[in-house]
Amino acid sequence: MSKFEFYEKEESPIPKYEVKKEISDLTILFIIASIIYFLIAGSLALLMRLIQSNAFIFVNPDQTLGLFYASLTIHGQLMFFGFISMLTVGISYYLVSKFGKKPLFNINLAILSFCFLNSGVIFLIIAGTMFFGAGWYNLMPLTFHSGNDGWSISSAVIFLVGDVLIGIALVMFCINIIATVLSGKIAAGIQKTEQTKLDENNNSTEIHEDSINKEDKKRDESLTLQYLPPSVRWISVLGISSWFPKKYRTAIPAMSIVVVGIFVNAMVQFVGNFGLFIQLFTGFTYLLNPDFQPSWLFTKDAWWFFGHPIVYFTLFSFLGAAYYYIPRYARKIISYDKWAYRSWPFYFVFTMTVFTHHAFMDMPNPDWLKFIAQTSSLAIIFPSGLTIMTIMMYIFRSKISWNLTSLFMLSGIAGWAFGGYSGTQTGWWGQDVYLHNTLNIVGHIHLTILMGSVLFAMGLIYSIIPSIIKVAFNKTLGILHLLLTLIGGFGIAFLFTYLGFAGFIRREAIAPDEFAWSMPLMLFFAIIVGIGQIIFAYNLFNTLNKKYKFLSKHNTIFYVAIISTAIAGISHILIVSLFMGFESKPSIFLLLSGIIQIFWILPLVKRWGRIWYLFGGLGTIFLIYLFISVQFDMKFVLFFLVTGLAQIFWIVPYLKSNWSRKRLYIGIGISSILILSWLFTNPPEKIFGLDAPYDDISMSLEIMQVIFIASTIVLVIKEKDDSISHIFQKLRHRAR
Amino acid sequence: MGEVNLASDLGFGTPWLVETLTVAILLTTGFIIYVILSTRSNKIRLSGLDQAKYRLYKYHAERYWAIFVAGILIWFWYLGIPWMPSMAFDNISENQTIHVIKITAGQWFWEFEDGGYTYKNNSNSIEQAQLLQENKSSNGLKVNKEIHVKAGETVKFIANSEDVNHGFGILASSKSMDSILMQMQVVPGYDNVFYYTFDKPGTYTIRCLEYCGWLHPYMISEITIHAT
Ligand code: HEM
Ligand SMILES: [Cu+2]
């Protein structure tokens, strides 16, 4: 146990460089945000499984289809951008600073990238609540032509704006990393530790402990800050020098393999981002000018020019880290290993050309593009094969300590290799024709990302968080997390893969009778993997809490109250969206007020002070006034909207615990009234002469209300302090 | 799974896709387990220096591995060339009789134009789609009219889209879902062309294979192949 507690204490050289607190704090923020989105996106996966298992959520079957496709779309993009890219960005900042032994080029740019990425992701979620469902690759022009009664243009615009913000965040990240690596001094020189003696002295297999320890010490100093001229720097950081003959190889200062991975990642994504912007630009132009007739084929190619790099984006930073962390726990000498570096020039080139295999089935695409696709698809397997073998050789016959990091990383290698095989199969045109758009492809994605990149990332989290906050994770929970993830993850990914072979087409809201037998199995595996992630999130937040103490028992009840009332409030608005659509003036209004409200979280979380909360309260009243002045004929909609907004804002008094106890009574009172009126507006009684919704959303909403009331009662009993709110005191003070 | 057709049995590409993948996964799993077990060997001494890696260096193990992987990939690449669409379709000679079928796809219908005859299979709402389903046989959705082709004749499918991207796919049987015989994307604004020759008479399901909006699962039709 003690050995496990601080990975840092194990004998193994880690750069003796303290990452600045502002960077490591930012990394923790990225990690927290990503896990939250992970849970949301994971719940959407469960929802999809439920719908495919014939659970009709809405009375209207069209809406159930819509819910499936909205979930599919948001699941895909949220997993990519909210979860795994968020992790990549956050962890890369930390690692590049640690292993480059220097601060980031610009910390403010990094903070800004956090804000942009998160606002973009929140836009995606909003678009999802409006049932936007063009799929994660958002194949234009479907985005703008949902067909009868599908999603609205406004939801498409919100989604695209979200993608714009995400694209900007990614560019910020890439620029920051590239500039950090290319400017000023950077840690380099590890190639000096290449084992010269061993290659020549064939007989000597026995090395004495003494000399080893000496070498160990030397290794600590093998990465020194130095200035490299640009040409040398490029050759070094892309791993090209590793292919040089030994004489030249050892003359070029090599950077840490971790830096190489992150740099290649940033370079490839920087180029790939242009594809995203071309797609978005085409989309917006088409929207503004319907006569504009773009080549949708080109737009699709452009998207994949971005879409394939973003898949590798989730991997490269972590792969670079795996090259470091696995030998570290295997207690092998971390000398310069040319084979670790030799993959990277290939990754660099072929990640940018391999995108074309997504367009294999587009017959009008020129033949040379298909040729590039087939060639690059096979070519990118080459560096992957090298990587897997090199890392396995680090483990082979080593005294590896099986901690959570090494276990997760080894599992990641397995998942990635399996996904690689299935990718090898679809990488040929003659086989893709049978597998394209079947669940086989979905299996491939989940093998390579869920069971590859994500496992690498989780392994890193298990190592990085303790080394930043000096608090260990609970190992039992960690092992449980690993087991559940392996069972559920491989289970669902292999099912996808093999069902695809049998012809189960992907993106089918309605599972055909032929495959009905597979539905309970898939649901089972999805639930298993889901439980694993909930355990992980609990372990993570619990560990962080030991350091930051944001989850005292008292606070927890507050969170429950806040979250339940927030969900209730959001669902009220959701009901509005289902009843009235988003094509009118009120829809713009709703949008604005929604966005403002989301940004309003900032002063609350940062606890800027009571005066801000007062602003918030007044602002909400003003919003409600605006809302009333916009013409509505539906009293009913009005009622739910007002109460919804009021409920969301009810968070404020809860966060500021020095508001008086009265607020709790008021909270209970208002919610009870809401529940009563909901009961009354439902058939057979209709107070307003309109049918109140009696579907699953409003039911779960009322459950939230009950939870809210219950937690509030607990607060009333527990909280002895009955003083009058400070804010009113202060106001009174000022008035005098 | 019973008597489902597997993609690998169908024509292009290498056979035994399922088997090769399974074997590769099993071999890799075995290799990983072997490597894990190797860490329990008594011969290992706890040292900073890596004996195993040293031996591998000595025999240039990774160099040979790299050459091996590269070799296999080049072989695959060479194997794959004849199945590239341009190569595969080059075999179709011009003096062969070719049965041309024009297809229009839209949200959410298939329209076939088979020498002067047009048939449109349309479902614009889930109610309509369900009405269609009421006439169904045990196999799921069925339409009253199909396109007819003779076994052995080369068919040239020319597909256009009226609105968004669709995917024209023919499945291996008349089941509502089965392995795919052939498919191509139907990109709006282009003539999308695919040549195909049916061997066996029978009825085959046509399905949209590219997600095209909420009623995408209902974009179904069929094609009947007659014996010559
Ligand atoms: C946590 C466990 C996960 C489960 C249970 C899960 C489940 C699913 C399911 C059921 C689908 C729909 C398949 C279909 O019918 O077409 C899907 C699609 C997808 N998933 Fe996951 N997934 C998980 C994690 C992830 C992760 C980590 C990623 C990537 C970072 C990811 C990326 C995707 C993508 C890109 C799609 C395709 C979306 C589309 O077709 O538009 N998933 N997933
Ligand atoms: Cu379609």
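User: Does A:H75 count as buried or exposed, and what is the reason?

Analyst: A residue counts as buried when its relative accessible area is under 20%. A:H75 has 13% relative accessibility, and therefore counts as buried. The structure is a predicted model, and every value discussed here is computed from it. A:H75 is found in helix α3 of chain A.

User: With which residues is A:H75 in contact, beyond its neighbours within four places in sequence?

Analyst: A:H75 is in contact with A:A41, A:L44, A:A45, A:M48 and A:H446. One of these, A:H446, is also among the residues closest to ligand 1.

User: Which side chains place a polar atom 2.8 Å from a nitrogen atom of ligand 1?

Analyst: In A:H75, an N or O atom of the side chain is 2.8 Å from a nitrogen atom of the ligand. A:H446 likewise has a polar side-chain atom 2.8 Å from a nitrogen atom of ligand 1. For A:R507, an N or O atom of the side chain lies 2.7 Å from an oxygen atom of the ligand. The elements that give two or more residues to this shell are α2 (21-52), α3, α18 (439-469) and α19 (475-501) of chain A. Helix α18(A) provides the largest share, 6 residues.

User: Where does A:F501 lie, and is this residue buried or exposed?

Analyst: A:F501 lies in helix α19 of chain A. With 1% relative accessibility, A:F501 counts as buried. Separation in sequence and separation in space are to be read side by side: A:F501 and A:Y434 are 67 residues apart in sequence, while their C-alpha atoms are 8.0 Å apart.

User: What can be learned from the nonpolar cores?

Analyst: In soluble globular proteins, nonpolar side chains tend to be buried together. Here the largest nonpolar core has 220 residues, and those with the most contacts inside it are A:L95, B:F157, B:F168 and B:F198. Helix α3 (residues 61-100) of chain A gives the largest share of this core, 21 residues. Apart from this core lies another of 19 residues, including A:F496, A:A502, A:F515 and B:L209. Setting aside neighbours within four places in sequence, B:F198 has contacts that include B:V149, B:F157, B:I170, B:L181, B:Y204 and B:I225.

User: How can the length of helix α4 of chain A be checked?

Analyst: The expected span is 1.5 Å times one less than the number of residues. Helix α4 (residues 107-129) of chain A has 23 residues and should therefore span 33 Å; its end C-alpha atoms are 34 Å apart, which agrees. At the N-terminal end, A:N106 caps the helix, with a side-chain oxygen 2.9 Å from the backbone nitrogen of A:N108. After α4(A) comes A:F131, whose phi is positive, near 70 degrees.

User: How many helices and strands does each chain have?

Analyst: Chain A has 29 helices and 2 strands, and chain B has 5 helices and 10 strands. Of the 736 residues in chain A, 63% are buried; of the 228 residues in chain B, 54% are buried. Among contacts between residues at least 6 apart in sequence, 84% in chain A join residues at least 24 apart. For chain B, the corresponding value is 64%.

How values were computed. Residues numbered from 1 in each chain as written. Chains lettered and ligands numbered in written order. Predicted model: local features only at pLDDT ≥ 70, side-chain atom pairs only at ≥ 80, totals over all residues. Heavy atoms only, no water. Core = buried A, V, L, I, M, F, W, Y, C linked by side-chain atoms within 4.5 Å. Buried < 20%, exposed > 50% of the residue type's maximum accessible area, 1.4 Å probe, protein only. Helix = DSSP H or I, 4+ residues; strand = E, 2+ residues; numbered from the N terminus. Contact = heavy atoms within 4.5 Å. Near = heavy atom within 4 Å. Polar contact = N/O pair within 3.5 Å; in protein donor to acceptor, adjacent residues only side chain to side chain.
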